[in-house]
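The sequence and the structure come first.

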Amino acid sequence: MRVTIRDLEDWVRPRTVTTLTLILLVALWSVVIASAVSGRQASIASTGELLQRTGRAVEEQTLQQLRLTDVLLATAAHWLQANPGRDPRSDPAFRKLLEGFRARTGDSIDIQLLTVDGSVFDVLGKSPRPLAKVADSEYFKGALASKALFIGRPESIQRSGGYGLPIALALPSPIHGIQMIVAIVNLPTLIGRYEGQRQQAGGAITLLRNDGVVLARAPEDAPLPGQSIAEGRLFGERLRQPPRTLLLLDETHAGEKKEFVSYSPVGDFPLLIAVSEDYDEALLPWLKQTLWIVLLALGVTVPLTIVAFRSLRLLRALANRNAELQQLVTTDPLTGSSNRRHFVETLEDELGRAQRQKTPLSLLLLAVDFFKQINDGYGHAIGDQVLIACAQAATGCLRSRDLIGRLGGGEFSILLPNTEAREAFMVAERVRTAIARISIPTDNGTVEFAASVGASQARTEDRSIDDLLKRVATALHNAKAGGHDRVAVV
């Protein structure tokens, strides 16, 4: 493939440089934006997968704890029903059974007995008296009403002073006044297990009842166990989404942070596990990566912009220089009109176009009368002023499409495209009259002069510009022969 100078000029034009620079910058920043968007989506997807894995692990862990508690309660209930004649509050065998439960669970679950009036008895405690009365408590009333396993709000543990999660099982009928058996799950132990599952500093694991009551939370901050969040964002969003869906909770309530949440049910129990992660913490790695990408893109953008800017300045300077050179090549340095070479080349082009398009074209040949005498009598400086004044006067009589050129000495030629001989004669008269009105003051008096003009229209039989130039030269000769300061047409 051959590359020409014209091809190279097209590539180094300011518009081309600007367009290419903009294309590169748009492509670069499109990649940056696409990378940021896809990276954010990938980060959100990764966060969702992590929360769901954590949720499944916590769900399994919680389910094991609840199943164990269920087994302990069922075992204790079975013992009571199998030994109706023995009082569990003082029976050594029942006490030994509970000691085995406690040893197996590492003191994380205590079994207590509740009488019909709600009195709490700790079989393994030091005092045979009831610890308290909980007839008005939620879990006592709930267990009686449901006749099944009931998980109550966290309660204070009388023995240790901490908090526990009461899980109550009502007996079909009282035995020795015992109405129900309650397993108190040590809440700090349960929360400690949740803490071990948390992946990020900004995350949280929450155990909830289906009615929105918080049973346990890691870390131990608001909302506190026992409080209800049924009116909060999580339950509002959960009702519209299937389990294990990644939810984005916005900052719609004062004091609530923006976070990702994934929730799942806990087996057949009326419980939910909600695993959350702070929005900013989750997207922090993506944000850092995006920041580096943006900095790298800026590192490319700034130098590229500087190079493009300097290239444009250089191209502008070269264009100005080229325009100056073009001016020097095509323009007569004295009068500012077209020089002989440029005028002849333009005449050839216009004559060819006129013949192809069959449009008229005329040519004028103008000579300052007695120019040699002006030069000899007033000096070449005044002669130069005469030439400049002639060119300016003639230009003022022409259209923008017309072209005036200096052929040499005191001679000018005027190209009139799309102009017939009659119109050319009128233009020549205007030019001649304008020149006749010129006066140049000098130390030796005022210089006034005239010009003779020859005019001719191109003909279809003209083979070259020489035929037209010869006719217009003949017309100029006729004008001079006729007494100067006149127009002649051939």
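Two strands count as paired if DSSP finds at least two bridges between them. The model is a predicted one. Under that pairing criterion, five strands make up an open sheet, ordered S8-S7-S11-S10-S9, with antiparallel pairing. Strand S8 (214-218) and strand S9 (246-249) are the edge strands, each pairing on one side only. On average, and with direction ignored, neighbouring strands of the sheet are turned by 25 degrees against each other.

Within the sheet, strand S10 (residues 259-265) and strand S11 (residues 271-278) run antiparallel and are joined by seven bridges. In S11, Ala-274 is the residue that stands opposite Tyr-263. Helix H2 packs on this sheet and touches strand S7 (204-209), S9, S10 and S11. The direction of H2 makes about 145 degrees with that of S11. Helix H5 (residues 187-197) lies across S7, S8 and S11, and runs at about 45 degrees to S8.

| Elements | Angle |
|---|---|
| H2 and H3 | roughly 175 degrees |
| H2 and S11 | about 145 degrees |
| H5 and S8 | about 45 degrees |

How do the axes of H2 and H3 cross, and within what distance do they come? The axes of helix H2 (residues 14-82) and helix H3 (residues 92-105) come within 11 Å, and they cross at roughly 175 degrees. Angles over 145 degrees count as roughly antiparallel, and H2 is therefore roughly antiparallel to H3. On the H2 side the contact is made by Leu-68, Leu-72, Thr-75, Ala-76, Trp-79 and Leu-80. On the H3 side Ala-93, Phe-94, Leu-97, Phe-101, Arg-104 and Thr-105 take part. By class, the residues of this contact are nine nonpolar, two polar and one charged.

Two aromatic pairs are found in a search of the whole structure. One of them, Trp-79 with Phe-94, is tilted, at 5.0 Å centre to centre and with 50 degrees between the planes. Trp-79 belongs to helix H2 and Phe-94 to helix H3, so this pair ties together parts that are 15 residues apart in sequence. Are the two residues of the pair buried or exposed? Trp-79 has a relative accessible area of 13% and is buried. Phe-94 is buried as well, with a relative accessible area of 0%. Both residues are also among those that make the contact of H2 with H3.

Methods:
Residues numbered from 1 in each chain as written. Predicted model: local features only at pLDDT ≥ 70, side-chain atom pairs only at ≥ 80, totals over all residues. Heavy atoms only, no water. Axes fitted to C-alpha atoms, helices over the stretch in contact; angles between N-to-C directions. Helix = DSSP H or I, 4+ residues; strand = E, 2+ residues; numbered from the N terminus. Parallel < 35°, antiparallel > 145°, perpendicular 65-115°, else oblique. Contact = heavy atoms within 4.5 Å. Nonpolar A, V, L, I, M, F, W, Y, C, P; charged D, E, K, R; others polar. Phe/Tyr/Trp six-rings, centres within 6.5 Å; stacked < 30°, edge-to-face > 60°. Buried < 20%, exposed > 50% of the residue type's maximum accessible area, 1.4 Å probe, protein only.
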